[in-house]
Protein chains: 2
Amino acid sequence: MEQQYPSELLEKAVDEFSKLPGIGRKTALRLVLHLLRMEPKVTHDFASSLVRLTDEVKHCKVCHNISDTDVCPICSSLKRDSSIVCVVENIQDVMAVENTQQFHGLYHVLGGVISPMDGIGPSDLEIESLVSRVKAGGVVEVILALSSTMEGDTTNFYIYRKLSSLDVKVSVIARGISVGDELQYADEVTLGRSIVNRIQFNGKY
Amino acid sequence: MEQQYPSELLEKAVDEFSKLPGIGRKTALRLVLHLLRMEPKVTHDFASSLVRLTDEVKHCKVCHNISDTDVCPICSSLKRDSSIVCVVENIQDVMAVENTQQFHGLYHVLGGVISPMDGIGPSDLEIESLVSRVKAGGVVEVILALSSTMEGDTTNFYIYRKLSSLDVKVSVIARGISVGDELQYADEVTLGRSIVNRIQFNGKY
């Protein structure tokens, strides 16, 4: 049975909230009523931050990451090594790699991976712009840091083929046992790969 | 370590989203990026529905439920029995009782329950207005439909005392085994109450 709301304004707000992924109508109602209990300023700030982001945000011309400026802080930083480009799926992945503090090159955000099931082909992604970027020169290595899924692997292979005729080293991130994981609980594919791709050990990591 | 966002606009939007209860920063980022992938109109509609609700919503003068008008549709309906008032904690509870289609009287929304731990006393709730409403006449029965918690029970007792000198019947909703529940899994307090408060059975429910 359709839930009856005592107010159309409330119903409209719940409708809008429940359009967000993972937010059902009960959660939406809870969030809307929370906002109603707060000072009006809280809702105004919340709403205006979303509208400002939507209206004013840009994508970096170089790496296609979200940015406040035409060229993002990473791409315009003089401290970064512009000869290495790390290819990632989305902005969360840029943030994840940045958090490791192990990478000092630049990024290239594809905007997804090739996924015929979802109707996403190479032309929907920033692959041509990656090829142009490499062709423009200055890039020595492209690191493919995509998810370890069928779609990620397909995309890795597609990009590898596209770049193979160019004078650039293409590498992929290592796959193996997660740090802290017990061997017995690792899946056999991961464990197998970590044995095949073993590296020489000199007594420390 | 503090997460680095590539855009201040993005960070601000994530900050605002993660102020909502149950929304962490990762979920907030996911929701904000979802909105960014949609048409700008989606975010504008979302934001304006919240602002309109905050700025324009009213509380019914009679029952204190959320309403678009000074008196809510339930309180102003001629089909409802104004001699019975069901006292509930919040608007979700009004919706829950309405959904049963078993109640045709009016409501009184307290706005919470007495909870010294959270600093909520009787004066923070719509209890005086309930007493005034009963004193004004026309109310034959007050049904207390609060949560079956310590705070709910305390509030039930407080309201009962306040109304005891007035010419009104006070009842509480039945507590017992949930419909569809197996007896062996019911907690002993609930099962005990359902035995003590057994009702005469005439062959059907």
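1. Closest approach to the axis. In this predicted model, the residue of chain B that comes closest to the rotation axis is B:A47, whose C-alpha lies at 2.2 Å from it. The axis in question belongs to a rotation of 180° with 0.0 Å of shift along it, which superposes chain B on chain A with an RMSD of 0.0 Å. That is the relation of a two-fold axis. Both copies use the same surface, since 100% of the contact residues of chain B recur in chain A.

2. The largest nonpolar core. This core has 42 residues. The residues with the most contacts inside it are A:L10, A:F17 and A:F46, together with B:L10, B:F17 and B:F46. In chain A, helices α1 (8-17), α2 (25-37), α3 (40-56) and α5 (91-100) each supply at least two of its residues, and α1 (8-17), α2 (25-37), α3 (40-56) and α5 (91-100) of chain B do likewise. In general terms, nonpolar side chains of soluble globular proteins tend to be buried together.

3. Surroundings of A:F46. When residues up to four places away in sequence are not counted, A:F46 touches A:F17 and A:L35 in chain A. In chain B, A:F46 touches B:E16, B:F17, B:L20, B:F46 and B:L50.

4. A separate core. Apart from the core of 42 residues lies another, of 18 residues. Among them are A:V113, A:L130, A:V131 and A:V139.

5. Aromatic pairing between the chains. Over all chains, a search of the whole structure finds 10 aromatic pairs. One of the aromatic pairs is formed by A:F17 and B:F46, with 4.9 Å centre to centre and 85° between the planes, an edge-to-face arrangement. This pair crosses between chains, running from A:F17 in helix α1 of chain A to B:F46 in helix α3 of chain B. A:F17 counts as buried because its relative accessibility is 0%, and B:F46 counts as buried because its value is 1%.

6. A pair within chain A. The ring centres of A:F103 and A:Y107 are 5.2 Å apart and their planes stand at 65°, so this pair is also edge-to-face. A:F103 has a relative accessible area of 12% and is therefore buried. A:Y107, at 1% relative accessibility, likewise counts as buried.

7. The ring cluster. Which residues do ring pairs link into a cluster? They are A:F17, A:F46, B:F17 and B:F46. These four residues are also listed among those with the most contacts inside the largest nonpolar core.

Methods
Residues are numbered from 1 along each chain as its sequence is written. Chains are lettered from A and ligands numbered from 1 in the order in which they are written. This is a predicted model: local features need pLDDT of at least 70, side-chain atom pairs count only at pLDDT 80 or more; totals for chains, interfaces and linings use all residues. Side-chain values use heavy atoms; hydrogens and water are left out. Copies are superposed by least squares on the C-alpha atoms of residues with pLDDT of at least 70 in both. Contact means heavy atoms within 4.5 Å. A nonpolar core is a set of buried Ala, Val, Leu, Ile, Met, Phe, Trp, Tyr and Cys residues joined through side-chain atoms within 4.5 Å. Buried means under 20% relative accessible area, exposed over 50%, partly exposed in between (1.4 Å probe, protein chains only). Helices (H or I, at least four residues) and strands (E, at least two) are DSSP runs, numbered from the N terminus. Rings of Phe, Tyr and Trp (its six-membered ring) pair if their centres lie within 6.5 Å; planes under 30 degrees apart count as stacked, over 60 as edge-to-face and the rest as tilted.
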